[in-house]
Amino acid sequence: MKRSEARQNVFLNSLTLQVLVALVVGSLLSSTFKYHAKMFIILLMSFLVLVVPIPLFLFKPRWPLNALIPGIVACLFIRAFGVEYEIRGQEHINVRNGGVVLLNHQSAIDIVMLSRLLREFRNIVPVVKKELFYVLPFGIASYLVGVVFIDRQNSASAKDVMKREAVAITKDHLKLAIFPEGTRHDNDTLLPFKKGAFHVAVDAQSVIQPVVVSKYHFLDHKRKLFGRGRVIVNILPEIPTKGMTKADVNALTERCQKLMQSEFDTLSAEVKQYCHAT
């Protein structure tokens, strides 16, 4: 029995070594391989660092700070691949205020950026599509750190969830991180904002806090390139909605879209010199 276990361990160690060697050699020979390898490893590590501590999350379920240590580890991993985050505007954060945090959405690796922001906000939770809950055990871990799941295919259900979270904004001083574009993309122009986030803010009479993330010049999904670079994340001043009604939502949406597009253009131009897609 011991010999069998020993042979099995040798085989597994040998297989692990072969995979690592293949990743290193492949990344040296092919930029496309490097792209897929980096994306896979970063997302896998983000998955593992959130899933492994699930037993600890059970002591205080639905607590945003459960994700603090996993987030720090995820940021260390992505930094090892040549990506660094610079956070600006921390002075605009009021942890006593609940509200809606708006972010532009570029890639699946935005999950690491959200982890980094948790260190600043401490009470921020993302709103994501319900399908992610069924990616087990990742969905369970996400639920335990406070992630809010909505069914985009069922507008009535989504509205009920967001009404409940509007109460949490006021009662628990929670900040909901919402991608108002609705889907990720890597264009130079932000997609038209959906109005759901603004209805939530107005219903709760809470603040809206735009957070703008510079373009990922180091990452090109179309050409399958993943290089090195810097990401600048600027936390802009809060926008109050107290006294606003549903009639103000359209103007509020347009105001935030223009503000975030202008800041996105500025940050993306600044950070371009520090990014290399190969």
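**Helix crossing and loop residues**

Author: Helix α8 passes helix α9 in a right-handed crossing. A crossing is right-handed if the near helix is turned clockwise from the far one by less than a right angle, and left-handed if anticlockwise. Helices here are DSSP runs (H or I, at least four residues), strands likewise (E, at least two), numbered from the N terminus. This is a predicted model: local features need pLDDT of at least 70, side-chain atom pairs count only at pLDDT 80 or more, and totals for chains, interfaces and linings use all residues. Residues are numbered from 1 along each chain, and side-chain values use heavy atoms, without hydrogens and water.

Reader: Why are α8 and α9 called oblique to each other?

Author: Helix α8 (residues 196-204) and helix α9 (residues 249-271) pack at about 120 degrees, with axes 10 Å apart. Axes are lines fitted to C-alpha atoms, for helices over the stretch in contact, and angles run from 0 to 180 degrees between N-to-C directions. Under 35 degrees counts as roughly parallel, over 145 as roughly antiparallel, 65 to 115 as roughly perpendicular, and the rest as oblique. The pair is therefore oblique.

Reader: Which residues make the contact of α8 with α9?

Author: F198, H199 and V202 of α8 meet V249, L252, T253 and C256 of α9. Contact means heavy atoms within 4.5 Å.

Reader: Why is N123 called buried?

Author: Buried means under 20% relative accessible area, exposed over 50%, partly exposed in between (1.4 Å probe, protein chains only). N123 has 12%, so N123 is buried. Its place is in the loop between α5 (110-121) and β3 (124-129).

Reader: What does N123 contact beyond its neighbours within four places in sequence?

Author: P64, V95, N97, H173, L174 and K175. The backbone oxygen of H173 lies 2.5 Å from a polar atom of the N123 side chain.

Reader: What makes S206 buried?

Author: Its relative accessible area is 7%, so S206 is buried. S206 lies in the loop between α8 and β6 (207-213). Leaving aside neighbours within four places in sequence, its contacts include G98, I169 and T241.

Reader: Why does R62 count as partly exposed?

Author: The relative accessibility of R62 is 32%, so R62 counts as partly exposed. Phi of R62 is near 70 degrees, a positive value in a residue other than glycine. Most residues other than glycine have a negative phi.

Technical notes
A polar contact is a pair of N or O atoms within 3.5 Å; within protein, one must be able to donate a hydrogen and the other to accept it, and residues adjacent in sequence count only if both atoms are side-chain atoms.
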